[in-house]
Amino acid sequence: MRVVLPILVSPTVLASRHRPDLCRLGGVTPPADLNIPAAPGIDGAEHIHSGKVRDLYRLAGGPWDGQLLMVASDRISAFDFVLDTTIPGKGEILTRMSSWWFDQLKDLVPNHVLATEVPAEVSGRAVICEELAMFPVECVVRGYLTGSGLLDYRVSGEVCGIALPAGLEDGSRLPEPLFTPATKAAVGDHDENVSYAAVAGEVGDEAAAELRELTMKVYARAEEIARARGIILADTKFEFGQRKDGTTVLADEVLTPDSSRFWPASDWRPGQAQPSYDKQIVRNWLLSAESGWDRASGVRPPALPQAVVDRTRQRYVEAFELLTGLSY
Ligand SMILES: Nc1ncnc2c1ncn2[C@@H]1O[C@H](COP(=O)(O)OP(=O)(O)O)[C@@H](O)[C@H]1O
Ligand SMILES: [Mg+2]
């Protein structure tokens with residue numbers, strides 16, 4: 001008999017069905033212990049929110065009056081901490097990568113980008129976008145089993161309530177890609193995998209079905225593009241929001257190494273951790289004896305050595321160039 005584990009959903013998520021007016025951004029200051037630096041002032045823009053990586057502003061005056069300015073910083077997070085060390089150029093690489101992907105996907109789903117001509121001080125690392133009522137769901141899709149999906153599978157034989165065949169290992173290709181949503185945690189909190197039913201309970205049946213359908217469609221396209229370039233898109237996370245007229249729009253960042261696991265196809269060997277074009281170098285160093293950091297201690301991680309910064313930056317550049325065929 002299969003053991004069915006309770007699906008964990010944060011109480012705040014359960015308490016509120018998706019109400020666009022309540023999900024709008026505004027004046028959210030992250031807790032001080034998150035280590036998110038004060039967002040730099042930008043003329044003609046009011047700072048309204050900072051996440052782990054991005055700072056959001058609302059533009060006042062000019063052609064885009066009232067629209068959002070989303071600025072990607074060089075911050076890097078690992079194990080739910082925003083690190084003291086930044087990765088030079090990361091914000092720009094992520095912004096360029098997202099823009100490239102939005103363009104590849106625009107026939108499948110509308111996206112939130114309005115313009116890329118942004119104030120000079122954030123040139124290259126920011127976009128002007130529509131402010132959407134974000135769905136409080138991380139729309140995760142997995143073509144391969146690893147990370148939190150693997151942990152869930154090892155405990156229950158399931159991921160997000162979906163039963164999987166026995167014998168799968170770290171890095172196994174799944175019989176078919178799975179929609180494995182997670183709650184969108186408050187800044188600094190941990191996302192939790194949830195069942196599809198929990199998502200439907202949160203946003204309604206119709207929206208849940210649409211989020212799943214769009215997620216799967218976009219993944220299929222992106223997976224195909226990546227595969228043609230020798231890269232496995234093992235899993236990725238999308239965030240969608242709603243326009244006032246009810247249209248669902250792809251938002252946030254898309255298909256970057258921060259939101260996705262990209263694996264070199266030639267090195268893929270199920271049964272072990274796969275080499276990856278993401279923060280793996282940082283995570284490995286933090287977990288190594290060299291860092292002197294104990295993950296279980298709850299203490300902030302130490303600053304990264306220059307060599308780790310350089311290698312990480314190189315990894316992001318490589319992912320960008322391989323996928324887009326552009327040079328950075
Ligand atoms: N078009 C949009 N309208 C409103 N909010 C958005 C839009 N696109 C992205 N966001 C939100 O902006 C924030 C981006 O900052 P980020 O550093 O990625 O935050 P997080 O720490 O939550 O990952 C996220 O909270 C995301 O949901
Ligand atoms: Mg984010």
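Leaving aside its neighbours within four places in sequence, which residues is Leu-250 in contact with? Keep that in mind while you get your bearings.

This is a predicted model, where local features need pLDDT of at least 70, side-chain atom pairs count only at pLDDT 80 or more, and totals for chains, interfaces and linings use all residues. Residues are numbered from 1 along each chain as its sequence is written, with chains lettered from A and ligands numbered from 1 in the order in which they are written.

**Stop 1: the whole chain.** Colour by secondary structure to see 7 helices and 16 strands (DSSP runs, H or I of at least four residues and E of at least two, numbered from the N terminus).

**Stop 2: ligand 1.** Select the 18 residues around ligand 1; Gly-51, Lys-52, Val-53, Arg-54 and Ala-251 come nearest (near means a C-beta atom, placed from the backbone, within 6 Å). Strand 2 (54-59) and strand 14 (231-242) each give two or more residues to this shell. Domain 1 (18-129) and domain 2 (135-282) each supply at least three; the bounds come from an automatic or database domain assignment.

**Stop 3: the core.** Now show Leu-69, Met-70, Ala-126, Phe-240 and Leu-250, the residues with the most contacts inside the largest nonpolar core, which has 81 residues. Such a core joins buried Ala, Val, Leu, Ile, Met, Phe, Trp, Tyr and Cys through C-beta atoms within 7 Å; buried means 20 or more other C-beta atoms within 10 Å of a residue's own. Helix 5 (residues 205-228) gives the largest share, 7 residues.

**Stop 4: Leu-250.** Finally, select its contacts: Leu-105, Val-109, Pro-110, Asn-111, His-112, Val-218, Phe-238 and Phe-240 (contact means C-beta atoms, placed from the backbone, within 7 Å).

Notes. Buried ≥ 20, exposed ≤ 12 C-beta atoms within 10 Å, placed from the backbone. Contact = placed C-beta atoms within 7 Å.
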